[in-house]
Amino acid sequence: MKWFNKQSRLIQIILLLIPGVNWVVEIFVRVTAFLEKPNLKHLIGLVFGVFIPVIYGWVDLIWILLFNHLFLAK
């Protein structure tokens, strides 16, 4: 998660716009967030990222534009 947050907003947006890359980035960020701080919020984010990747990826894209961090991963 720290790697993704260190990237510029433009790089984050580009990574979330590309469909296949979006899913890989989602899983990577969600797994590292859960491993760094295992709680229910990160577990729910991981489950959504794995099982609803397209919709959740768009939610994350909008969330980054509005709040500068991924949904359920602060």
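**Labels and their cut-offs**

Tutor: Let's start with a helix pair: α3 and α4 are roughly antiparallel to each other. Before we go on, this is a predicted model, where local features need pLDDT of at least 70 and side-chain atom pairs count only at pLDDT 80 or more, while totals for chains, interfaces and linings use all residues. Residues are numbered from 1 along each chain as its sequence is written, and side-chain values use heavy atoms, with hydrogens and water left out.

Student: Why are α3 and α4 called roughly antiparallel?

Tutor: Their axes cross at roughly 160° and come within 9 Å. Angles under 35 degrees count as roughly parallel, over 145 as roughly antiparallel, 65 to 115 as roughly perpendicular and the rest as oblique. The value is in the antiparallel range, so the label holds. The axes are lines fitted to C-alpha atoms, for helices over the stretch in contact, and the angles run from 0 to 180 degrees between N-to-C directions. The helices themselves are DSSP runs (H or I, at least four residues), numbered from the N terminus.

Student: Which residues make the contact of α3 with α4?

Tutor: With contact meaning heavy atoms within 4.5 Å, Trp23, Glu26, Ile27, Arg30, Val31, Ala33 and Phe34 in α3 meet His42, Leu43, Gly45, Leu46, Gly49 and Val50 in α4. By class they divide into eight nonpolar, three polar and two charged. Here Ala, Val, Leu, Ile, Met, Phe, Trp, Tyr, Cys and Pro count as nonpolar, Asp, Glu, Lys and Arg as charged, and the others, Gly among them, as polar.

Student: What makes α3 roughly perpendicular to α5?

Tutor: α3 and α5 pack at an angle of about 75°, with their axes 10 Å apart. That angle falls in the perpendicular range, so α3 is called roughly perpendicular to α5. Asn22, Trp23, Glu26 and Arg30 of α3 make the contact with Pro53, Tyr56, Gly57 and Asp60 of α5. That contact has three nonpolar, two polar and three charged residues.

Student: Arginine 30 next. What makes its pairing with glutamate 26 a salt bridge?

Tutor: A salt bridge is a side-chain nitrogen of Lys or Arg within 4 Å of a carboxyl oxygen of Asp or Glu. For arginine 30 and glutamate 26 the closest N and O atoms are 3.4 Å apart, so the pair qualifies. The two residues are four apart in helix α3 (residues 19-36), which means they are separated by about one helical turn.

Student: How do you know that arginine 30 also has a salt bridge with aspartate 60?

Tutor: The closest N and O atoms are 2.8 Å apart, so this pair passes the salt-bridge cut-off too. Arginine 30 lies in α3 and aspartate 60 in α5, so the pair ties together parts that are 30 residues apart in sequence. A search of the whole structure finds two salt bridges, and Glu26, Arg30 and Asp60 are linked in a network.

Student: Why is arginine 30 called buried?

Tutor: Buried means under 20% relative accessible area, exposed over 50%, and partly exposed in between (1.4 Å probe, protein chains only). Arginine 30 is at 1%, so it counts as buried. Aspartate 60, at 0%, is buried as well, and so is glutamate 26.

Student: Why is glutamine 12 called buried?

Tutor: Its relative accessibility is 1%, so it counts as buried. Glutamine 12 is in helix α2 (residues 9-17) and touches Phe4, Asn5, Gln7 and Ile64, not counting residues up to four places away in sequence.

Student: What makes leucine 65 exposed?

Tutor: Leucine 65, found in helix α5, has 53% relative accessibility, which puts it over the exposed cut-off. Leucine 65 and glutamine 12 are 53 residues apart in sequence and 9.7 Å apart in space, C-alpha to C-alpha.
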